[in-house]
Amino acid sequence: MRSLTVVAYAVNGAGLGHLTRVLAVLRWMRRIAKCAGTRLDAYVLTTSEASDLALREGFAAFKLPSKTAIRDAEIPKEDYLRLARQWIWHSVGLLKPDILLVDTFPGGTFGELGPVLDVPAKKVFIHRAVKDDFARLDGFKAFLPLYDRIIAIEEPGAAPTGLYDGFEWRVRKVGPILLRGRDELHARADARRRLGIPDEAFAVWVGAGGGGDHTAERTLRSIADFFSEKNDCHLVIGAGPLYRGEPLRGRNLTWHTEPLAALDFPGLDAALSAAGFNSFYELLNAGIPSAFFAQEKIADDQLRRIQAAVDAGAALYITADSTGELSDDALDFAMRRLTDDASRTALSEAAATFVPTNFAREAARLALQVVIDRHELDDAMELAAPEFFDLIERAQVDGETLERALKWFDDADDLAGDELTVFLAKILDGPAGGDRLNGFLAFAKRFPKPTDEHECEQLIESWLVIQDALTAFNNPRGTATFLRDLPLTRRADLEAQTIALEEFLKAVHAGGETIYRAQALIDRHLDPSLGDRALLVALEKATEEVRDEQRL
Amino acid sequence: MNVNQFLGLASQRVAELEQSIGQLRGEYAKNDQRTVELQQVRETALTELATVNLPGLVPQAIAEVETRTGYGKFRQIDPLDYKARERVRLSQLIANIQADPNFINRDQLLDPAAGELTLKAQQAKQELDLIQSAIGRYEAEPEFVSLFERGYGTDDYQESIFSLRYYSDWRKGDEIVEKLGVEDFAVLRAAYEPLRRSRDLYAKDFQDAQAAIENVRRLIAQFNDARERLDNLAHYVLEECRTALREHLAYVDREQLFEWSKGDRVREALVKKIHGIEKQLEYMKKMTEQQFQNETRVLSEAVLKIKGKITKFGRPKNAYLTLNDAEVQAWLADPRQKLSARRERFWRDYDRVAYYDRYDYYDYTRDMLWWDLMTDGRVDGNFIPEVYDYHQQNPNYHWDSGTAQPTPSPDYGDIPGGVEVS
């Protein structure tokens, strides 16, 4: 299997938005690459203090201290910057990526990517909008032409930047990129159970972004104080993985610092949150009626983001003062709207329309396009639908098994991605889907590879019959050995072999026998001189013997 | 050396090498013999294991079978119930046979001298032989039966006058008529036809008598079998149960079986022995295949090379060349000496594996290879898929020959002196 090395660079200090976004893109790049028969070796270089998110997503991350950490550790900034530049340059040089994927800061935040951008790798830049004055800096716009592909995230309400003059052909526009899309989130009941929300409670998400903002503690505390007397509300305080303040405890309160909080958003009834890129779009994509406040950031214009959603009727705006505190009046006003049924419905519908989809898959396709042949990529995209990976993940199919399965199906002519998904769904239906797929592959390799949809279906139907009969033995290890040694032959009729085998296995099971004895019986009756009919005759005789034993 | 001399020597070397290739399979007969021996030992060990797990038809032993072997059939079909049902069935069968007149009168029917059926069969046979001798003079003639059956000499004869067959039949018919001294074929038909009918009748009588005799004999055999089985029913049922259990044991996963046998030294030893023998058989097969293929390849390549030289120097334009002796010697170098030395080394390695018998050293709690245990880690086994795969997956694995215990070293990657810290 060919491989593709990707190095993603995400700078984060007081947040984890950049890291989250590159992981969202890498996640889909890996999936699509797999469907294109390519192994994606992805490395993440990051300064985010919440780099364990990469681990959770199954990516290897090399971590540098963030500038915040350096400041707190009282290390001279110049020493750190010198070291960081060298470290990044050497790391990229040693990893020799095919694609270098960078988020938001094209030259890094202290020019550390400058020397790196002349490596032979294809360079892909994810351009999340930044404040105009930041974008006009030379340290920003001068680096843009060095990228082979710019994936520009178009945020509603953001004005055109004019930053791409002269190389517009390298730019592709996408919508918000999220780590999990609406369809991947937990069901409401599950989410509420996971968050510890009582059935009857009105659940309010309280978030201050990744938790690293210096105002986060005051913000969260002011909101918690506001709700302290409201017994019918349950607060889920999403402090974020980077939160370093005093945790808040109390009745009707769930303290949440884990990453991937969005998975449980369907369990919420409303949200009061900072308008960082991820929190903002994740809440709206999940259709949660939300009121947002803005945090002051160097490059991120949260107020503009909120304004666009308010204009679309998709969210409410509440003001926070310079210390991050929210006034009771503002909260009271927001909560009155958020608890009103008609208002909530309108907000929820408008929010879902405002952020209709997750563009991570599309961004991944655009990133891969710089190295994978377009037709090949189109074929892979046809298969790499969210439903397909949802199916694979639910069945816990490991990468190697999936790779073998895709290779096997690859020979079937004109098999569309959705057809393949349907076939796989049939095979994986039931517990231990990975074992089922392995069993199918062990069975299928005895027969010629299917050349069309009909042959695929025939083989799968045969397998399902045999699998049912084998499952009854409740011995995965034994049935795997049985299948491995079973002398099925491509020269004899598949249907006849299936019927005979099913009949035999059912007889063996009904007689209280084990799968090992079944193997012994077939071997004893197997007469190789009968050639292609050997197994059929052996199955017939063995079935007869088992039934005779039962008759006694 | 002139070319003719070279060609003579080369042809001789080719013949020798080809002979060696032909005899190569025989060189490995030792493996076939040892394979059979080990298979027998395995069979015996399996029987022992079945016996240990089912020492008798007692409820406690039956109840333990599933726990110790994973064989659950006796939970569904209790051998003691089965024995009771079988006793009823056999008793009923014996009673039925005893009530059958054919069985009751078996002596009268089958007495070799005066038995009713014996005499009937003898009489039918005599009649049949008599008539066969009369009919023989006709049927001895080639084509007579064919002409008769196709209606030759009657209106039913169908051959067309325009077919060759017609004239061939005509000639044959005339020859037979002339040989047997009659006027025409119709006379022969008239004489042969009644004899043939009688022969068929007597043949049927004889067959009926034979079938009746067989029927009585079958009844007797059935009775004797049933009697024998009933008298020793406990033994038979036990053997049948052990056979079924043994078949299960022959295929059950060894590690799982060992797990089930845990705590019982006898069972544990037998499982290890069976597993070890199976591994020996697997390794021996791979080893001999590998060595055989290598030798065949070396010899075949040598033959091909010399044949190439023969073709080259056999061309007329090279007929008067003089060849350098040293070169000729190099071309005709005999690979068998080297092969013989290699084979000697092979057999030493082979014997280590094939005659290994310290199966009890194997430890299922450790991740170890039977191959290393048998060879003490001294023989490269990477040509065996199991060994190769294991080494691929555990690149830092090494066999500790001092303790006969494998000690997989922790995987610290390629960094010398790397340590895992929590």
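In the predicted model, Gln458(A), Ser462(A), Val465(A), Ile466(A), Ala469(A) and Leu470(A) of helix 19 of chain A are in contact with Leu494(A), Thr498(A), Leu501(A), Glu502(A), Leu505(A) and Lys506(A) of helix 21 of chain A. Sorted by class, this contact between helix 19 and helix 21 of chain A comprises seven nonpolar, three polar and two charged residues. The axes of helix 19 (residues 453-471) and helix 21 (residues 494-510) of chain A come within 9 Å and cross at roughly 10°. Angles under 35 degrees count as roughly parallel, and helix 19 and helix 21 of chain A are therefore roughly parallel to each other.

Helix 21 of chain A consists of 17 residues and reaches 24 Å from its first C-alpha to its last, which is close to the 24 Å expected at 1.5 Å a residue. Within helix 21 of chain A, the residues Gln497(A), Thr498(A), Ala500(A), Leu501(A), Phe504(A), Leu505(A), Ala507(A), Val508(A) and His509(A) are buried. In an α-helix there are 3.6 residues a turn, so residues three or four places apart point the same way. Just after helix 21 of chain A, Gly512(A) adopts a positive phi of about 75°.

The largest nonpolar core has 188 residues, of which Val25(A), Met29(A), Ala363(A) and Ala367(A) touch the most other members. The element that gives the most to this core is helix 1 (residues 17-35) of chain A, with eleven residues. When residues up to four places away in sequence are not counted, Val25(A) touches Leu101(A), Ile126(A), Ile177(A), Ala360(A), Ala363(A), Ala364(A) and Ala367(A). Another core, of 15 residues, lies apart from the largest one and includes Val353(B), Tyr359(B), Leu369(B) and Leu373(B).

Two positions in the loops of chain A were also examined. Leu415(A) is located in the loop between helix 16 (399-409) and helix 17 (417-428) of chain A, and because it has 19 C-beta neighbours inside 10 Å, Leu415(A) counts as partly exposed. Leaving aside neighbours within four places in sequence, the contacts of Leu415(A) are with Phe409(A), Leu420(A), Glu453(A) and Cys456(A). Leu260(A) occupies the loop between strand 10 (253-256) and strand 11 (270-274) of chain A, where its phi is near 60°, a positive value in a residue other than glycine. With 14 C-beta neighbours inside 10 Å, Leu260(A) counts as partly exposed.

The secondary structure of chain B comes to 18 helices and zero strands, and 20% of the 422 residues of this chain count as buried. Among the contacts in chain B that link residues at least 6 apart in sequence, 72% join residues at least 24 apart. Val328(B) and Phe6(B) are 322 residues apart along the chain, yet their C-alpha atoms are separated by 7.3 Å. Val328(B) counts as partly exposed because it has 17 C-beta neighbours inside 10 Å. Elsewhere in chain B, Glu143(B) lies in the loop between helix 8 (116-139) and helix 9 (144-149) and has a phi near 80°, a positive value in a residue other than glycine. Glu143(B) is likewise partly exposed, with 16 other C-beta atoms within 10 Å.

With regard to the interface between the chains, 18 residues of chain B are in contact with twelve residues of chain A. On the side of chain B that touches chain A, helix 4 (73-76), helix 5 (79-99) and helix 12 (233-251) of chain B each supply at least two residues, and the largest share, five residues, comes from helix 12 of chain B. By class, this side of chain B has seven nonpolar, five polar and six charged residues.

How values were computed
Residues numbered from 1 in each chain as written. Chains lettered and ligands numbered in written order. Predicted model: local features only at pLDDT ≥ 70, side-chain atom pairs only at ≥ 80, totals over all residues. Helix = DSSP H or I, 4+ residues; strand = E, 2+ residues; numbered from the N terminus. Buried ≥ 20, exposed ≤ 12 C-beta atoms within 10 Å, placed from the backbone. Contact = placed C-beta atoms within 7 Å. Nonpolar A, V, L, I, M, F, W, Y, C, P; charged D, E, K, R; others polar. Core = buried A, V, L, I, M, F, W, Y, C linked by C-beta atoms within 7 Å. Axes fitted to C-alpha atoms, helices over the stretch in contact; angles between N-to-C directions. Parallel < 35°, antiparallel > 145°, perpendicular 65-115°, else oblique. Expected span 1.5 Å × (residues − 1).
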